Amino acid sequence: MPILSEVGMSWVQGLMVAAAVLPFGAALAAKAGGRRFDNEDPRPWLAAQQGWRARANAAQANLFEGLPFFYAAVLYALYAGSQPDRLASLMGAWVALRVLYVLAYILGRGTVRSLIWVAALAVNLTILWA
């Protein structure tokens with residue numbers, strides 16, 4: 001296996017981990033500095049939040065919802081013999097778009113958020129056929 005493909009595979013692995021931890025970043029944003037946060041029973045507290053905290057929590061849920069399709073597309077692409085370097089590039093684009101998605105969600109930019117979501121979906125479909 002050429003060196004470039006080995007480097008690509010390390011990126012693939014790293015980006016799979018990055019995708020997995022994105023929801024936790026949104027969760028931390030939702031909870032950070034919150035008054036009366038109850039870690040013993042966090043869901044009612046989160047459900048009562050408004051504004052950017054509520055949007056960060058919603059972003060967390062959406063990130064978790066998007067992971068199965070992302071992982072399935074990546075695994076299928078690897079199974080089908082996709083070049084790891086190309087796959088890593090597409091995965092990096094997907095992760096970057098999802099980070100931008102969280103930021104747009106927290107900032108309350110609904111139209112921008114939706115456009116980013118569509119772009120991430122298009123990248124995910126491209127991964128599937130990479």
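Predicted model: local features only at pLDDT ≥ 70, side-chain atom pairs only at ≥ 80, totals over all residues.
Trainee: Which residues of the largest nonpolar core touch the most other members?
Mentor: Val-12, Phe-70, Val-74, Leu-87, Met-91, Trp-94 and Ile-127 do, out of 33 residues in that core. At least two residues come from each of helix 1 (3-31), helix 2 (42-47), helix 3 (51-79), helix 4 (84-106) and helix 5 (110-128).
Trainee: And which helix gives the largest share of this core?
Mentor: Helix 4, with 12 residues.
Trainee: What is Leu-87 in contact with, leaving aside neighbours within four places in sequence?
Mentor: Val-12, Val-74, Ala-77, Leu-78, Ser-82 and Ile-127.
Trainee: Switching to the record: where does UniProt place "transmembrane region"?
Mentor: The unreviewed entry has that feature at residues 12-30, 63-81, 87-107 and 114-129. In the model, residues 63-81 are 89% helix and 0% strand, with end C-alpha atoms 27 Å apart. For residues 87-107 the figures are 95% helix and 0% strand, and the end C-alpha atoms lie 30 Å apart.
Trainee: Now the surface. Which residues make the nonpolar patch?
Mentor: Phe-69, Trp-117, Val-118, Leu-121, Leu-125 and Trp-129 make a patch of about 580 Å². Helix 5 gives the most to it, four residues.
Trainee: Where is Trp-129, then?
Mentor: Trp-129 sits in the segment after helix 5.
Trainee: Why is Trp-129 called exposed?
Mentor: Because its relative accessible area is 66%, and exposed means over 50%.

Key:
Residues numbered from 1 in each chain as written. Heavy atoms only, no water. Core = buried A, V, L, I, M, F, W, Y, C linked by side-chain atoms within 4.5 Å. Buried < 20%, exposed > 50% of the residue type's maximum accessible area, 1.4 Å probe, protein only. Contact = heavy atoms within 4.5 Å. UniProt positions renumbered as here; feature names shortened; annotations may be inferred. Patch = residues over 30% accessible without salt bridge, like charges linked within 9 Å, V, L, I, M, F, W, Y side chains within 5 Å. Areas by Shrake-Rupley, 256 points an atom, 1.4 Å probe, with all protein chains shown as cover. Salt bridge = Lys/Arg side-chain N within 4 Å of Asp/Glu carboxyl O.
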